[in-house]
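Welcome! Take a moment to look over the sequence and the model below, and then we will walk through them together.

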There are 2 protein chains.
Amino acid sequence: MIEEILTLIENKEFVKLRNTLSEMNAPDIALMYDELPEEHVLRLFRLLPKELAADTFVEMDPDTQEHLLKCFSDKELRDVLDEMYVDDTVDIIEEMPANVVKRILRQSDPQTRSEINKILNYPKDSAGSIMTIEYVNLKADMTVAEAFDRIRATGVDKETIYTCYVTDKNRHLLGFTTVKDLLLCNNCKEIGEMMETNVIFVDTFEDKENVANLFRKYDLLAMPVVDKETRLVGIITFDDVIDVIQEEHTEDIEKMAAILPSEKPYLKTSVWDTFKNRIPWLLLLMISSTFTGKIISSFESMLSVCVVLTAFIPMLMGTGGNSGGQASVTIIRSLSLNDISMKDIFKILRKEFFTALLCGTALAVVNFGKMMLIDYGTILSSGQDPVIISTIVSLTLLVTVICAKLVGGGLPILVKRLGFDPAVTASPFVTTIVDAISLLIYFEIAMSFLPI
Amino acid sequence: MIEEILTLIENKEFVKLRNTLSEMNAPDIALMYDELPEEHVLRLFRLLPKELAADTFVEMDPDTQEHLLKCFSDKELRDVLDEMYVDDTVDIIEEMPANVVKRILRQSDPQTRSEINKILNYPKDSAGSIMTIEYVNLKADMTVAEAFDRIRATGVDKETIYTCYVTDKNRHLLGFTTVKDLLLCNNCKEIGEMMETNVIFVDTFEDKENVANLFRKYDLLAMPVVDKETRLVGIITFDDVIDVIQEEHTEDIEKMAAILPSEKPYLKTSVWDTFKNRIPWLLLLMISSTFTGKIISSFESMLSVCVVLTAFIPMLMGTGGNSGGQASVTIIRSLSLNDISMKDIFKILRKEFFTALLCGTALAVVNFGKMMLIDYGTILSSGQDPVIISTIVSLTLLVTVICAKLVGGGLPILVKRLGFDPAVTASPFVTTIVDAISLLIYFEIAMSFLPI
């Protein structure tokens, strides 16, 4: 595709180029422009029809956007800004350097400018920061026919026309209606009579993760956002919510893997930024594993008598870490889906205990068999009794798995209770705790079985 | 709320109850019914207006649904089925025991029954399995006014009316139009002239994860599904896609934590099922850590001379595992967001190498400092030179982090290339490999520094 476009540019077949581009979808054109050499982008962009141009611009890479913004004439910039929805403009502004932002604001009309500034001031993860102000506003005393007139007159610039909001003189939210209901309704009916008054709405400061949960629960297409006096200030549409869900998910996964959340895609993040996102937890977890080292040191005399015990430390710690990680990740995910809450803590611990009993027993049995079959010779040649050593290791395994599952199941709830994000208590964090526990159990059990 | 409802039942205030319920949203009523004692559910359900009843039924817990389905009269069952969209009926059927399914199919009208059977036959994660057949179908030679008549006549039963699909006599997909475009258009215009012909569609067998990615990319409200002859057979709507995205996330997270994906919420899964989902990977990872054990055993003579080295094994393995996990999880997530692909492998390895160099150096320096400050006495009293031991451990740390990041960065790509889901190569899997590597590095470095 890119080669075809480059050939058309070379042969100066601009009419054909324009027709090809007009047939394409904005996200695909944007992807292509991001790959093209910079000197062609502006010329190609000018070939696009106004609306498609704005849609494409929104989908582009921040680098390409910045390049274009710097090349645009004032008129071109105004045209693109006029076609764009305010929430998209805000998204772009957040990625641009100060001088470009200033130019964007200078070229926006005064009302839009003040709206942009308002949205920019909402906290980063709030409903206000992702809303748009382009919605269809109806009055309760309009008839259905008048409502359609209003939609026809103003709809072209609105992000969605399918859900229309009804407000009073002071912009207080009274209800909503959908184009489906309007279409299936008598034209003379008044909006006030037919509107739905049971509105699901959020405050501008609501966390956007909760907004996403409400969309999912109620299958919404759009949701109104109100200020402290329940005056309608904007709406959030489903397409922004899909993006929120994806971002939140990436953030969760990063936190679970002990990485600080990054804003940019992997290949766009510099090595230095990747380093900065990864090193804090690595350092913290390394330092905290000092305790495990201390535990081993304090049992050094025992280990030097019975070195063969050392060989099973990685397996015990690994299995403990994996068991705890399984539990904690399950609980973290259930918490973020609102499947469980604080009050379920005893149900959770009970369930984890019995699951751990089953898992631990199965692992212990298999391990005992494996050690008697495979490690028998090694243990014997080190001067120890294979049955005793296998029993010590298998018993440790059982107790470790139980402790690991209880820690993994309980910790996320506890951390949430304390007001932190439970996602940080996933595998790496739980592993560090479980490592120490499993070693203590191991050495205690070994001490009681062996004549040391 | 539940208490209020129970009081109303006790006082037999059914009119008030009906009014209260009618004001509520289906998902909230469903949540409440799930909590109520079973004997009240049927009576309360009968109080709901037809449409709200069906919407509520869809949102209920499978257990409550099954209870109701068993209590319904044939007429009641038919009423609920008539109001429900086919895709929701299919979802419910998939959760019900055979005798209930038979009854549902017997009470459905013949056409719906054959549609249900068709959808049930599509593979589990395919576009066909999540589509619905209720869409608005227009013809190219209709005028806009005729299109509106058709929407008004048939729209009430359609899952969405906002995107309408244009087909020819043989149901081949020609294009689509939106109610927004129809509203903003002259009533006399023909659909064939104004429709959009550049349609994003999928085949019935397309993976639903790809469907979700297309929705996200193109901000779609609905997407047509076609058969092998590009005949329109159904549509997928954005609300189902939000559910798909959430399910896929849960599945990804479970795979990353070495759990087999579960279908049900945590508290609804039995201990036995939880056990079955968790034990396979635990066993596999435990068995594979036999190698780490073997490595330690083979260096046993060295360890018995210098037991102090044992104390740093957990820290080295832990840091290696965390470093590798960070890299693999980042790559897995980027792969599933289509941010990176196979061809970026060298860019990725290069980036991971330099990040690892930075992380490894930082960790090594901090660790050296920590060991000289905290572990100095312990090492000295074991008869070893603290500087040499600290150097060995820090050097191992650096090399381990580099290996871990390269394995973590490369493995997901390799596994995807081989046709498997890269999510399984997250922390637990990478950790097991990195454990073995880090021990080998540790002992090799120790051998070259110490006179053993």
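Which residues does Val401(A) touch, not counting residues up to four places away in sequence? They are Thr319(A), Gly320(A), Ser323(A), Ala356(A), Cys359(A), Gly360(A) and Leu363(A). Please keep in mind that this is a predicted model.

- As background, nonpolar side chains tend to be buried together in soluble globular proteins.

**Where the two chains meet**

- Chain A brings 92 residues to the contact, and chain B brings 92 residues.
- On the side of chain A that touches chain B, helix H20 (residues 313–336) of chain A supplies the largest share, with 14 residues.

**Domains and a helix of chain A**

- Chain A is split into domain 1 (2–121), domain 2 (136–251) and domain 3 (289–449).
- Between the C-alpha centres of domain 2 and domain 3 of chain A there are 51 Å.
- Helix H5 of chain A spans residues 50–59, and its buried residues are Ala53(A), Asp55(A), Thr56(A), Phe57(A), Val58(A) and Glu59(A).
- What do the buried residues of H5(A) pack against? Their partners in chain A are helix H3 (26–35), helix H4 (38–47), helix H6 (62–71), helix H7 (74–83) and helix H8 (86–95).

**A sheet in chain A**

- Three strands of chain A form an open sheet in the order E4-E5-E6, with mixed pairing.
- Strand E4 (202–203) and E6 of chain A are the edge strands; each has a single partner strand, so one side of each has no neighbour in the sheet.
- E4(A) and E5(A) are parallel and share 2 bridges, and Val202(A) has Val225(A) in E5(A) as its bridge partner.
- Helix H15 (residues 208–218) of chain A lies across E4, E5 and E6 of chain A, at about 140° to E5(A).
- Helix H16 (residues 238–256) of chain A also packs on the sheet, where it touches E5 and E6 of chain A, and its direction makes about 65° with that of E6(A).

**Strands in chain B**

- Another open sheet of 3 strands, in chain B, has the order E1-E2-E3 and mixed pairing.
- Why is one side of strand E1 (136–138) and of strand E3 (173–178) of chain B left without a neighbour in the sheet? Both strands stand at the edges, each with a single partner strand.
- On average, and ignoring direction, neighbouring strands of this sheet are turned by 35° against each other.
- E1(B) pairs with strand E2 (residues 163–167) of chain B in the parallel sense over 3 bridges, and Asn137(B) has Tyr165(B) in E2(B) as its bridge partner.
- Helix H12 (residues 144–154) of chain B lies across E1 and E2 of chain B and runs at about 155° to E1(B).
- Strand E5 (residues 222–226) of chain B runs antiparallel to E6(B), and 5 bridges join the two.
- Met223(B) faces Ile236(B) in E6(B), and 6 of the 6 residues of strand E6 (residues 232–237) of chain B are buried.

**Single residues worth a look**

- Most residues other than glycine have a negative phi.
- Thr230(A) is not a glycine, yet it has a positive phi of about 45°; it sits in the loop between strand E5 (222–226) and strand E6 (232–237) of chain A.
- Is Lys12(B) buried or exposed? Lys12(B) counts as exposed because it has 9 C-beta neighbours inside 10 Å.
- Lys12(B) lies in the loop between helix H1 (2–10) and helix H2 (14–22) of chain B, and its phi is positive, about 55°.
- Leu450(B) belongs to the segment after helix H23 (427–449) of chain B, and with 16 C-beta neighbours inside 10 Å it counts as partly exposed.
- Leu450(B) and Ile389(B) are 61 residues apart along the chain, and 8.7 Å separate their C-alpha atoms.

Conventions:
Residues numbered from 1 in each chain as written. Chains lettered and ligands numbered in written order. Predicted model: local features only at pLDDT ≥ 70, side-chain atom pairs only at ≥ 80, totals over all residues. Contact = placed C-beta atoms within 7 Å. Helix = DSSP H or I, 4+ residues; strand = E, 2+ residues; numbered from the N terminus. Domains from an automatic or database assignment. Buried ≥ 20, exposed ≤ 12 C-beta atoms within 10 Å, placed from the backbone. Pairing = 2+ DSSP bridges. Axes fitted to C-alpha atoms, helices over the stretch in contact; angles between N-to-C directions.
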